[in-house]
Amino acid sequence: MTLILNHSDITTLIDRSEIYDAVERAHADLARGDAFNPQPSAMPLPNGGNSIPMTAATAQSSSVKLLSDMPANAARGLPTQRSTIILSCAETGECEAVLDGRAITAIRTAAASAVATEYLSRKSSTVLGVVGAGTLAVEHTRAIARVRGIEKVLVWSRSATTIRTFEERIADLNLAVERSESPRAVTSAVDILCTLTPSHSPIVSGDWFHPGLHVNAVGAPPRADWREIDSAGMRVASLFVDATSTTLAKSGDALLAIAEGAITAEDLQTEIGHVITGQKPGRTSSDQITLFNSVGIGLQDLVTARILLSRARAAGVGTELDLTA
C-alpha cells in the first residue's frame, strides 16, 4: 500500500527537532559515501519553466522530488515553485508514499541552514538577521534559535504586511524583533544573516560583510542567472555548500560569481557534511566570514519524508492507496 500525505497531514505530523537531526545525519552520510545525491538536471518546459527531478538514495529508501519551477505563475497569483515527493523502498522498489513538498521543503531548508549555523557561526552569536520575511524566514528563525542563543531578530522585507505576519508567527519565541530600513542595515548589525528572497539581482553586497559574520544564502530559486549575493560577497567569504554537484548545477550565486572571475569551482568543494564529519575544517577564527550557499538537495527531502512516513503510520494519518490494483 502507498500512503498519500497532503499538506495538512504533513503540518500535523512534522517535528522540527527530529528533522534537524535527520538532516544533520544525512549530510554526514553523504560526506562518508553512505548516501547518494546525484546532480539534478532541469528539463525546460514550453512556458519558460523547468521541471527538476531531485533524486536521492540511502540503504533504506530512494526518492525523487519533482520540483516545478514556474516563473510565469507569479503573474497568475500562483506559487512559482511546486513539488511532490515519491518515496520508495530501496530493497523492493515499492512506492511507499507520495507527499506534498511545500512544508517539507521549507522546514528541511531551515534545518540545513541551522546545521550550517551550528558548525560555522560563532557560538556567541545572539543577533539574527533575515532578509525576506515569508515562511522561510519564520522557519529559519525557529531553527536557528534552536542552535544559538538568539536574543534579537532584525528583519527586512519590501512588504510591511509580510513583516507583521512574520512577527505574529514567531511571537511564541519571545525574541526582540526590529524592523530594518534596508538589507544593508540588517547585514551590518547581525551575527548571523539569512537571505531568503527569490531575487534575480543581488540583494546583499559583500562590501557590507563584517568580520565574524555567518551567512546562510538560501533564497534564490534554482536558476543559473538568479542570485542574492554579489560576486564580492562570494569572494570575501569562506564558502560551504550542501552538495558541490548540485551547487554547480543550480546555484546562480555560485555560477555567476564563477563567470565573473570572483571564485572558481575549487572554492565550492567543501560540503557541510565534510565539516560535520571532520574531513574538512569549518570556522577557523572568530573574524572569519563564512557563507553557506544552499540550493537544497533531494537527500534532505528523502530523510524528512522517511520520518513523516513512520510518524503517519504510527498515528494513522494519511490516505492508503493500492497503486497495483
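Modeller: By class, the lining of the largest pocket holds 22 nonpolar, 17 polar and eleven charged residues. This is a predicted model: local features need pLDDT of at least 70, side-chain atom pairs count only at pLDDT 80 or more, and totals for chains, interfaces and linings use all residues. Residues are numbered from 1 along each chain as its sequence is written, and side-chain values use heavy atoms, with hydrogens and water left out.

Biologist: What makes a lining residue nonpolar, polar or charged?

Modeller: Ala, Val, Leu, Ile, Met, Phe, Trp, Tyr, Cys and Pro count as nonpolar; Asp, Glu, Lys and Arg count as charged; the others, Gly among them, are polar.

Biologist: What is the volume of the largest pocket, and which residues are closest to its centre?

Modeller: The volume is about 1400 Å³. Of the 50 lining residues, Thr-80, Gln-81, Ala-106, Thr-135 and Leu-136 are the closest to the centre. Elements giving two or more residues to this lining are α1 (7–13), β4 (61–69), β5 (81–89), α4 (102–120), α5 (135–147) and α6 (160–169). α4 gives the most, with seven residues. Helices (H or I, at least four residues) and strands (E, at least two) are DSSP runs, numbered from the N terminus.

Biologist: Why is one space called a pocket and another a cavity?

Modeller: Both are sets of points on a 1 Å grid over the protein atoms alone. In a cavity, a 1.4 Å probe fits but cannot get out. A pocket is an open set with protein on both sides within 12 Å along at least five of seven lines. Lining residues have an atom within 4 Å of a point. Grid points are joined across faces, edges and corners, and a volume is the space filled by probe spheres set on the points.

Biologist: How many cavities of 30 Å³ or more does the structure hold?

Modeller: One. The largest cavity has about 40 Å³ of space. Its lining includes Asn-37, Met-54, Lys-250 and Gly-296. β3 (50–57) and α9 each supply at least two lining residues.

Biologist: How do you know that Ser-294 is buried?

Modeller: Buried means under 20% relative accessible area, exposed over 50%, and partly exposed in between (1.4 Å probe, protein chains only). Ser-294 has 5% relative accessibility, so Ser-294 counts as buried. Ser-294 is found in the loop between β13 and α12 (298–315).

Biologist: Which residues is Ser-294 in contact with, leaving aside its neighbours within four places in sequence?

Modeller: Ala-217, Val-218 and Asp-242. Contact means heavy atoms within 4.5 Å. The side chain of Ser-294 also reaches the backbone nitrogen of Gly-296 at 3.5 Å.

Biologist: Which residues of helix α10 are buried?

Modeller: In α10 (residues 252–259), they are Gly-252, Asp-253, Ala-254 and Ala-257. Their cover includes α8 (231–236), α9 (244–250) and β13 (290–293).

Biologist: What makes β3 and β4 a pair?

Modeller: Two strands pair if DSSP finds at least two bridges between them. β3 and β4 have eight bridges, in the antiparallel sense. The bridge partner of Asn-50 in β4 is Asp-69. The seven strands of this open sheet run in the order β2-β3-β4-β5-β6-β1-β14, with mixed pairing.

Biologist: Why do β2 and β14 count as edges?

Modeller: β2 (43–44) and β14 (319–321) each have a single partner strand, so one side of each is left without a neighbour in the sheet.

Definitions and conventions. A polar contact is a pair of N or O atoms within 3.5 Å; within protein, one must be able to donate a hydrogen and the other to accept it, and residues adjacent in sequence count only if both atoms are side-chain atoms.
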